[in-house]
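Trainee: Could we go through this chain together? I would like to begin with the overall picture and then look at individual residues.

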Amino acid sequence: MTRVVSLLPSATELLFAAGGGDLLVGRSHECDFPPAALAAPALTSARIAHTAAPGAGAEVDQAAIDAAVRASMASGESLYRIDEAALRALAPDVIMTQDLCEVCSTDLRSVERIAASLPTRPRIVNLNPTTVWQVLDDLLAVGEAVGRAAEAQAAATRLRDRLWAASEQGTPFTDGPSVLFLEWCDPPFVGGHWTPELLALA
């Protein structure tokens, strides 16, 4: 049976959508959906606290977090730690990750460096979608990598049909509301990639 480590929340969801949830042996600390994913051990942690402000409790200081992230990236340090010993012990056949954003998740270079040192020499599945339809393509890529191609094809077809059915509920004869989507508020970062397509379909 293929042993899979997912270091990306969306990859974990795609794995389960492709019927491969039983193959997951390790995950990132952010992979919390579906709930069954939590049965696998977390292999990563963030170097920067989510508050980035000592004694701030649950209060989130977005400007302080942004400053900490910028300082960490300027120093060349990854924003995430990977438990290399635990990853090695799991002996994965496949590691799923991304190189779309070094702030959002573990960076690809770190994953490649660790994978190259593992005796199993796992296959790295690098997901980098920029459109809604490429997200569905990634579902197919995940299914192929873990031996669940047919299940992934069926899931991608169902998701595509749901997207089209949902988009057809809107009327093309009236303009929808003006929408601003921000990924971060201080400083403001405009959301991109597949989000504008989702808004247009909605």
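Mentor: We shall take the overall make-up and then some local features. This is a predicted model, in which local features need pLDDT of at least 70, side-chain atom pairs count only at pLDDT 80 or more, and totals for chains, interfaces and linings use all residues. Residues are numbered from 1 along each chain as its sequence is written, and side-chain values use heavy atoms, with hydrogens and water left out.

Trainee: How many helices and strands does the chain have?

Mentor: The chain has seven helices and eight strands. These are DSSP runs numbered from the N terminus, helices being H or I of at least four residues and strands E of at least two.

Trainee: And what does the C-alpha trace span along its principal axes?

Mentor: The C-alpha trace spans about 60 × 45 × 25 Å. Of the 202 residues, 35% are buried (under 20% relative accessible area; exposed is over 50%, partly exposed in between, with a 1.4 Å probe and protein chains only).

Trainee: Which way do β1 and β2 run?

Mentor: Strand β1 (residues 4–6) and strand β2 (residues 24–27) run parallel and are joined by three bridges; strands pair if DSSP finds at least two bridges between them. V4 is placed opposite L24 of β2.

Trainee: Changing topic, is D66 buried or exposed?

Mentor: D66 counts as buried because its relative accessible area is 13%. D66 belongs to helix α2 (residues 62–74). Neighbours within four places in sequence aside, D66 is in contact (heavy atoms within 4.5 Å) with W184, D186, P187 and F189.

Trainee: What is the peptide bond from D186 to P187 like?

Mentor: That bond, from D186 to P187, is cis, with omega near 0 degrees. P187 sits in the loop between β7 (182–185) and β8 (188–190). The bond from F33 to P34 is also cis, with omega near -5 degrees, and P34 is in the loop between β2 and β3 (44–46).

Trainee: What about phi of R121?

Mentor: R121 is not a glycine, yet its phi is positive, near 45 degrees. Most residues other than glycine have a negative phi, and most peptide bonds are trans. R121 lies in the loop between α4 (108–117) and β6 (123–127) and counts as exposed because its relative accessibility is 59%.
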